[in-house]
Amino acid sequence: MAPKKTNPRKERFLSNLPSQEFVSEISDVKGKLSFSLKYFDGSQKAGQDFKDWNDKQKQELLEKLRDYSRESKLFWLNQRVGGGGLKVLEIYGTFPKNSDFEYPKHVPEKVRWARFRMESAMRLVGFFVPEDVVEELKLSSDIFYIVFLDKDHRFYKMENL
């Protein structure tokens, strides 16, 4: 059997990789929220697409996503904001009947609709996948699937807004 040839460029590249273990980084995010735009729908009249938001709104969105991804879903379900103690994260379950949005055909039916409160009336609307259908839908329960940008609070309309 011929001796194995060495590749100096490959060896040099491999020797320059950081020695930090990737497993520790995975454990840092386990249980923390992640976000996906796989089901994003910017086509509905009630909502917006990213091009419709100004630079300040986009910057606030990215800062919120960064902050939200540092904690778990349970943490944000228990975080309160505002004088009335409103939740940062609210899970509605079913798609609201009193909404200016329509249920997108590309979103699975067994999901739990939710929203993150952002600045003033701005909301980030999407869904979580319940544990009992994770395998069936082949989606994760720790990911918030962003579907709508709702700067005018039109997803779940309240009487007093």
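## Basis of the description

Two strands are taken to pair if DSSP finds at least two bridges between them, and the strands themselves are DSSP runs of E with at least two residues, just as helices are runs of H or I with at least four residues, both numbered from the N terminus. The structure is a predicted model, in which local features need pLDDT of at least 70 and side-chain atom pairs count only at pLDDT 80 or more, while totals for chains, interfaces and linings use all residues. Residues are numbered from 1 along each chain as its sequence is written, and side-chain values use heavy atoms, with hydrogens and water left out.

## The sheet

Five strands form an open sheet in the order β1-β7-β6-β5-β4, and the pairing within the sheet is mixed. The edges are taken by β1 (34–36) and β4 (89–93), each of which has a single partner strand, so one side of each is left without a neighbour in the sheet. From one strand to the next the twist averages 35°, where axes are lines fitted to C-alpha atoms (for helices over the stretch in contact) and angles run from 0 to 180 degrees between N-to-C directions.

## Strand β6 and its partners

Strand β5 (residues 112–117) runs antiparallel to β6 and is joined to it by six bridges, with Arg-117 standing opposite Arg-123 in β6. The two strands form a hairpin with five residues between them, and Ser-120 in the turn has a positive phi of about 40°. Toward β7 (residues 143–150), strand β6 (residues 123–128) is again antiparallel, here with five bridges; Val-125 stands opposite Phe-148 in β7, and Arg-123 stands opposite Asp-150 in β7.

Six of the six residues of β6 are buried, a term that means under 20% relative accessible area, with exposed meaning over 50% and partly exposed lying in between (1.4 Å probe, protein chains only). Both faces of the strand are covered, with Arg-123, Val-125 and Phe-127 buried on one side and Leu-124, Gly-126 and Phe-128 buried on the other.

## Nonpolar cores

A nonpolar core is a set of buried Ala, Val, Leu, Ile, Met, Phe, Trp, Tyr and Cys residues joined through side-chain atoms within 4.5 Å. The largest such core has 19 residues, and those with the most contacts inside it are Phe-116, Leu-124 and Phe-128. Two or more residues are given to this core by each of α3 (55–68), β4, β5, β6 and β7. Apart from it lies another core, of 17 residues, which includes Phe-101, Trp-113, Val-147 and Phe-155.

With contact defined as heavy atoms within 4.5 Å, and not counting residues up to four places away in sequence, Leu-124 touches a set of residues that includes Leu-61, Leu-65, Phe-116, Phe-144 and Phe-148.

## Helix α3

Helix α3 has 14 residues and reaches 20 Å from its first C-alpha to its last, close to the 20 Å expected at 1.5 Å a residue, the expected span being 1.5 Å times one less than the number of residues. Its buried residues are Gln-57, Glu-60, Leu-61, Leu-65 and Tyr-68. Seen down the helix axis, these buried residues fall within an arc of 135°, so they line one face of α3; the arc is that of the directions from the axis to the C-beta atoms. They pack against β1, α4 (73–78), β5, β6 and β7, whereas Asp-55, Lys-56 and Leu-62, on the other side of α3, are exposed.
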